[in-house]
Every structure is written in structure tokens, then in C-alpha cells.
Amino acid sequence: MAGTSAPSLAWRLEKTGHVDSTSDLVGLRAREGAPEGLVIWAESQKKGRGRLGRSWISPPGCGLYFSVLLRPPVPGEQLASLSLVTAVAMAEGLSGACGMEIGLKWPNDLRIEGKKVGGILLDFVPEGGKQPAVVAGIGINLRTPLGGFPPKFAKQTTSLEGAGRRLPEESELIGGLLERFDQWYRTFLDSGFEPVRQRWEALCDGIGSQVSVPLAGGTAAGKVAGIDAAGRLLLDTGGGKLLSVDAGEIIES
Ligand code: BTN
């Protein structure tokens with residue numbers, strides 16, 4: 001946005017009970033023409049969705065489950081960056097609210113001491129020829145009991161309470177997260193992705209670590225070097241070569 005600053009988002013927070021998925025609900029409202037700033041926050045979800053087609057287990061009282069509607073006035077190829085904008089905002093908001101370090105793992109896992117405590121799912125809602133709307137769905141493990149995570153992920157997953165952190169009251173927590181979201185969203189609209197990229201790299205807890213990323217045609221391996229101007233993961237594959245990966249999941253060795 002040239003010559004003027006993006007205005008603050010007027011969040012409209014709707015609290016609801018047991019739903020299929022807050023992202024599905026916000027997607028539906030987007031199709032009906034809801035303006036950006038709508039936030040749906042659920043007590044629990046029956047069909048919570050995670051990245052890569054996974055489920056997001058969402059029982060009542062265990063986590064924060066909410067989705068946010070955005071209609072960013074940016075070129076379509078920049079929309080995917082919003083998952084990293086959201087990640088930076090959530091990491092800072094959680095750190096501020098709970099007094100702890102929150103790290104990021106590409107593309108948008110929120111972590112405490114290397115264990116996942118939250119994640120972000122970005123959906124695009126087609127708008128018949130116009131720019132798609134964006135739904136950012138956020139799930140944060142507040143107090144998931146031991147044994148409450150799927151066995152495959154149990155070792156790499158934690159909750160804020162499980163990590164021994166002070167938990168603020170939930171509406172206070174969500175208010176702080178949305179405030180930070182608003183700040184980073186406006187930074188992105190006013191100044192582009194570069195400030196977000198720098199902050200994302202500063203928050204990433206895996207820079208320099210050796211990883212692999214399964215891809216359709218084989219596996220990419222190297223040291224995490226950072227992210228590029230489009231939010232792609234940069235892997236240092238040795239000999240000064242950087243490989244960029246635009247989607248997938250990091251496996252840490
Ligand atoms: C991930 O796999 O890391 C992303 C998880 C995103 C889960 C949240 S919970 C609120 C919103 N509604 C959904 O169905 N998914 C997202």
C-alpha cells in the first residue's frame with residue numbers, strides 16, 4: 001500500500017461450541033461475503049484439520065481453536081506468505097502471554113524446546129474470478145493430557161501446560177494473539193514480506209540443523225539456511241549450494 005498505512009483490522013470475534021472445523025465455518029462465511037476480520041473460536045472441533053491432510057485433535061478444554069478471515073490486497077502469488085506472517089505473530093503473542101521462548105519450524109509449527117505446541121493451516125477460498133479470500137486456522141495445545149496426542153507424534157508434541165508454563169485466561173490469550181496478528185498483518189501490507197522473513201528466521205529454532213524433506217521425486221537433504229523472499233525453505237546442500245523447497249515437511253535427524 002503506497003503512501004498510507006494499512007488500517008487496523010476490526011476483529012469480530014465469535015465464540016462457538018462444538019463445531020466440525022472453525023476453518024470450514026469461516027470459509028463458509030467468506031463465500032457469503034463476510035468482510036475480513038471475522039474470527040471464529042470454538043470450544044472443540046469434531047473434524048479439526050491439520051496440514052498435509054492430517055486431523056487436528058480438538059477436544060474441549062485442551063486447546064485454542066480459531067480461524068481468521070483475511071482479504072489481503074496483495075498479488076495472488078504473495079498469499080501463501082500469510083502462513084509465515086501468522087506464525088511470526090502467534091509465536092510473539094504466545095511468548096508475550098506466557099513468558100517463554102516460542103520457536104518456529106518451517107513452515108509454521110510453533111514449538112517449545114523443539115516440541116510442537118501449535119500449528120497453522122492456511123486455506124484459500126475461491127471468489128469467482130476475484131482474489132481468493134484467506135482463512136488462517138490456528139490450533140494451540142493448552143493443556144492436552146499425557147497420551148492425548150496421536151502416538152506417531154507424541155514424542156515431538158507438547159502443550160503449554162505440559163511444558164510447565166503459566167496459562168493466561170483464554171479470552172485474554174486470544175486477545176493478545178489477535179493484537180499481534182494485526183501488527184504483523186499491517187507490517188506485511190505496508191512493507192512487504194522482508195521484515196516478516198527476517199523475524200521468522202530470528203524465531204526459527206532449527207537454523208543450521210541437518211534435515212531432510214521428502215518430496216514427490218525423492219528426498220531433499222541439507223542444513224536449514226533460512227527462508228527466501230517467497231517463504232520457501234532454503235537448504236544448504238553443501239558446496240555453497242542452496243536448494244529451495246516450497247512445500248513439505250521437515251524431518252529432523
Ligand atoms: C498443523 O497441522 O500444524 C495445522 C493445524 C491447524 C489446526 C487449526 S485448529 C483451528 C482451525 N480449524 C481447523 O480445522 N484447523 C485449524
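**Labels and the values behind them**

Reply: Start with one pair. The side chains of Arg-54 and Glu-249 meet in a salt bridge, 2.8 Å from N to O. Keep in mind that this is a predicted model.

Me: What makes the meeting of Arg-54 and Glu-249 a salt bridge?

Reply: The label needs a side-chain nitrogen of Lys or Arg within 4 Å of a carboxyl oxygen of Asp or Glu. For Arg-54 and Glu-249 the N to O distance is 2.8 Å. That is within 4 Å, so the pair qualifies.

Me: How many salt bridges are there between domain 1 and domain 2?

Reply: The count is two. Domain 1 covers 12-203, and domain 2 covers 210-252. Their centres, taken over C-alpha atoms, are 23 Å apart.

Me: How do you know that domain 1 and domain 2 are in contact?

Reply: Contact means heavy atoms within 4.5 Å. By that test, 13 residues of domain 1 touch 16 residues of domain 2. The two domains bury about 1100 Å² between them. Of this area, 56% is on carbon and sulfur atoms.

Me: Why is Thr-157 called buried?

Reply: Buried means under 20% relative accessible area. Thr-157 has 13%, so the word applies. Thr-157 sits in the loop between strand E7 (130-141) and helix H3 (170-191). Leaving out residues up to four places away in sequence, Thr-157 touches Lys-115, Lys-116, Asn-141 and Phe-149.

Me: Why is helix H2 said to be largely enclosed by the rest of the structure?

Reply: Of its 17 residues, 15 are buried, so H2 is largely enclosed. H2 spans residues 82-98.

Me: How does the reach of H2 compare with the expected value?

Reply: The expected span is 1.5 Å times one less than the number of residues. For the 17 residues of H2, that gives 24 Å. From first C-alpha to last, H2 reaches 24 Å, close to what is expected. Gly-99 follows H2, and its phi is positive, near 60°.

Me: What makes E11 and E12 edge strands?

Reply: Five strands form an open sheet, in the order E11-E10-E9-E8-E12, with antiparallel pairing. Strand E11 (241-245) and strand E12 (251-252) each pair on one side only, and they are the edge strands.

Me: How do you know that E10 and E11 pair?

Reply: Pairing needs at least two bridges. Five bridges join E10 (residues 233-238) to E11, so they pair. The two strands run antiparallel. Asp-236 stands opposite Leu-242 in E11.

Definitions and conventions: Residues are numbered from 1 along each chain as its sequence is written. This is a predicted model: local features need pLDDT of at least 70, side-chain atom pairs count only at pLDDT 80 or more; totals for chains, interfaces and linings use all residues. Side-chain values use heavy atoms; hydrogens and water are left out. Helices (H or I, at least four residues) and strands (E, at least two) are DSSP runs, numbered from the N terminus. Buried means under 20% relative accessible area, exposed over 50%, partly exposed in between (1.4 Å probe, protein chains only). Domain bounds come from an automatic or database domain assignment. Buried area is the accessible area (1.4 Å probe) that two parts lose on being put together, summed over both.
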